[in-house]
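Trainee: I would like to learn how to read strand pairing and helix packing in a model. Can we work through one case?

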Amino acid sequence: MGTDAPARPWAKYALGAGALVALALAAWWFLGGGKPPTISPDAARPIAETFLADVRTGTVARVDAAWDGTSAEFKSNQGREQFRKFVRGNKALASATTFQDCQMSEANGVRVARCSFRTASGAPLTVLLAHEGGAWKVERLLLE
């Protein structure tokens, strides 16, 4: 007399579910989910230039619009009123800037697009963009 193992009707469902999960993970990885976010210089430049154009106007509404488009990290480091004061206190931000280049790099463990500009006086100005919530946002503004 042989002993038969008890039937496990749920086993085929578990196997199928496992296969679906594996397939979903493979698709996620293949479509870029496993790679750090990146942006081309041609896509990053207009984001940084729009931010600087809003700041350049000096009007409260446009400066606030620039601040609204920044990352949570930026807002955590510099509140709205503090940002307004920063813009008012840096006359170099009121002049036109010239785009230099944009490169991907890492800052504090975060992948960023580093967009470099020159102010009218020749001073370097850098806008760092970070990927947040499915969009690239200004992470930091460095005026040297």
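Trainee: Which residue in β3 stands opposite Ala-113?

Mentor: This is a predicted model. In β3, Leu-129 stands opposite Ala-113. Strand β2 and strand β3 (residues 124–132) run antiparallel and are joined by 7 bridges.

Trainee: What lies between β2 and β3 in their hairpin?

Mentor: The hairpin has 4 residues between the two strands, and Gly-122 in the turn has a positive phi of about 95°.

Trainee: In which sense do β1 and β2 pair, and over how many bridges?

Mentor: In a regular strand, side chains alternate between the two faces of the sheet. Here strand β1 (residues 97–107) pairs with strand β2 (residues 110–119) in the antiparallel sense, over 10 bridges. Phe-99 stands opposite Phe-117 in β2. β1 and β2 also form a hairpin, with 2 residues between them. Asn-108, in that turn, has a positive phi of about 55°.

Trainee: At what angle do α3 and α5 pack?

Mentor: A packed helix pair is described by the angle between the axes and the distance between them. For helix α3 (residues 60–68) and helix α5 (residues 80–89), the angle is about 120° and the axes are 10 Å apart. The two helices are therefore oblique to each other. The crossing of α3 past α5 is right-handed.

Trainee: Which residues make the contact?

Mentor: From α3 they are Val-60, Val-63, Asp-64, Ala-66, Trp-67 and Asp-68; from α5, Arg-80, Phe-83, Arg-84 and Val-87. By class, this contact of α3 with α5 has 6 nonpolar, 4 charged and no polar residues.

Key: Residues numbered from 1 in each chain as written. Predicted model: local features only at pLDDT ≥ 70, side-chain atom pairs only at ≥ 80, totals over all residues. Heavy atoms only, no water. Axes fitted to C-alpha atoms, helices over the stretch in contact; angles between N-to-C directions. Parallel < 35°, antiparallel > 145°, perpendicular 65-115°, else oblique. Left-handed = near helix turned anticlockwise from the far one by under 90°. Contact = heavy atoms within 4.5 Å. Nonpolar A, V, L, I, M, F, W, Y, C, P; charged D, E, K, R; others polar. Pairing = 2+ DSSP bridges.
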